[in-house]
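Keep the viewer open while you read.

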Amino acid sequence: MNKKILVGSILVLTLLLLMPSIPAIQQKTIKDRTYDDLFEQLDDVVFKDVKEINTLDLGERVKHPLLYIFVFTLLAIRGIRGFYLMMDSSNFPGIPDGLEIDNPLIFYRGAWLCFTAIVWIQLCRYVGQEMGWNWEE
């Protein structure tokens, strides 16, 4: 009984020691094959075409478009919310008799939101212009 356990444990130990080396050899073979494929593809590339791609005029595009959309959407929502607060707290649409403010706190909060939205938009445009992000629109 002890011999069977000893032989079984030696066999299991041998298998456990050999198992990690087999995937490592296969992984190295796959890695070498991908490098060979890349070098074959690089031989097909004409480097004059790459130089022409780099000389294209990309100045018209907005850099970081997701950030641009995110920032200006948030600022537009802020400005619209402020405008609606100003409209709801006064007789803003019909001003012929003069501006009558029904709730001054809400009106001034809306004015503050509109003012800060305009300031943040101008700041973002200035930063975008200085960083070369083409955010002038």
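**The whole chain**

Bear in mind that this is a predicted model. The chain has 5 helices and 0 strands, so the pattern along the sequence reads α-α-α-α-α, with helices counted as DSSP runs of at least four residues. Of its 137 residues, 15% count as buried. The accessible surface comes to about 11700 Å², and 68% of that belongs to carbon and sulfur atoms. If you take the contacts with a separation of 6 or more, 57% of them join residues 24 or more positions apart.

Start at His 64, which sits in the loop between helix 3 (47-54) and helix 4 (65-88). His 64 has a positive phi of about 55°, although it is not a glycine.

Then comes helix 4 itself. The buried residues here are Tyr 68, Val 71, Phe 72, Leu 75, Gly 79, Gly 82 and Met 86. An α-helix has 3.6 residues a turn, so residues three or four places apart point the same way. Part of what covers the buried residues of helix 4 is helix 5 (104-131).

Helix 5 has 28 residues and reaches 40 Å from its first C-alpha to its last, close to the 40 Å expected at 1.5 Å a residue. Its buried residues are Phe 107, Gly 110, Leu 113, Cys 114, Thr 116, Ala 117, Ile 121, Cys 124 and Gly 128. The cover works in this direction too: helix 4 is included in what covers the buried residues of helix 5.

Gly 110 and Asp 88 are 22 residues apart in sequence, with 9.5 Å between their C-alpha atoms.

Just after helix 5, Gly 132 takes a positive phi of about 75°.

**Aromatic pairs and a nonpolar patch**

The structure holds 4 aromatic pairs, and two of them are set out here.

| Pair | Geometry | Centre to centre | Between the planes |
|---|---|---|---|
| Tyr 68 and Phe 72 | tilted | 4.9 Å | 55° |
| Phe 107 and Tyr 108 | edge-to-face | 5.8 Å | 75° |

Tyr 68 and Phe 72 both lie in helix 4, 4 residues apart, or about one turn of the helix. Both of these residues are buried. The pair of Phe 107 and Tyr 108 is another matter: Phe 107 is buried, at a relative accessible area of 9%, whereas Tyr 108 counts as exposed at 52%.

Further along, Trp 120, Leu 123, Tyr 126, Val 127 and Met 131 form a nonpolar patch on the surface. Together these residues have about 520 Å² of accessible area. Met 131 lies in helix 5 and is exposed, with a relative accessible area of 54%.

**The loop between helix 4 and helix 5**

The last stop is Glu 100, which is found in the loop between helix 4 and helix 5. At 47% relative accessibility, Glu 100 counts as partly exposed. Where does Glu 100 make contact, once its neighbours within four places in sequence are left aside? It is in contact with Ser 89, Ser 90 and Asn 91. Glu 100 and Ser 90 are 10 residues apart in sequence and 5.6 Å apart in space, C-alpha to C-alpha.

Technical notes:
Residues are numbered from 1 along each chain as its sequence is written. This is a predicted model: local features need pLDDT of at least 70, side-chain atom pairs count only at pLDDT 80 or more; totals for chains, interfaces and linings use all residues. Side-chain values use heavy atoms; hydrogens and water are left out. Helices (H or I, at least four residues) and strands (E, at least two) are DSSP runs, numbered from the N terminus. Buried means under 20% relative accessible area, exposed over 50%, partly exposed in between (1.4 Å probe, protein chains only). Contact means heavy atoms within 4.5 Å. Patches are made of residues with over 30% relative accessible area and no salt bridge: like charges are joined within 9 Å, nonpolar side chains (Val, Leu, Ile, Met, Phe, Trp, Tyr) within 5 Å. Accessible areas come from the Shrake-Rupley method with a 1.4 Å probe; for residues, only the protein chains shown count as cover. A salt bridge is a side-chain nitrogen of Lys or Arg within 4 Å of a carboxyl oxygen of Asp or Glu. Rings of Phe, Tyr and Trp (its six-membered ring) pair if their centres lie within 6.5 Å; planes under 30 degrees apart count as stacked, over 60 as edge-to-face and the rest as tilted. The expected span of a helix is 1.5 Å times one less than its number of residues.
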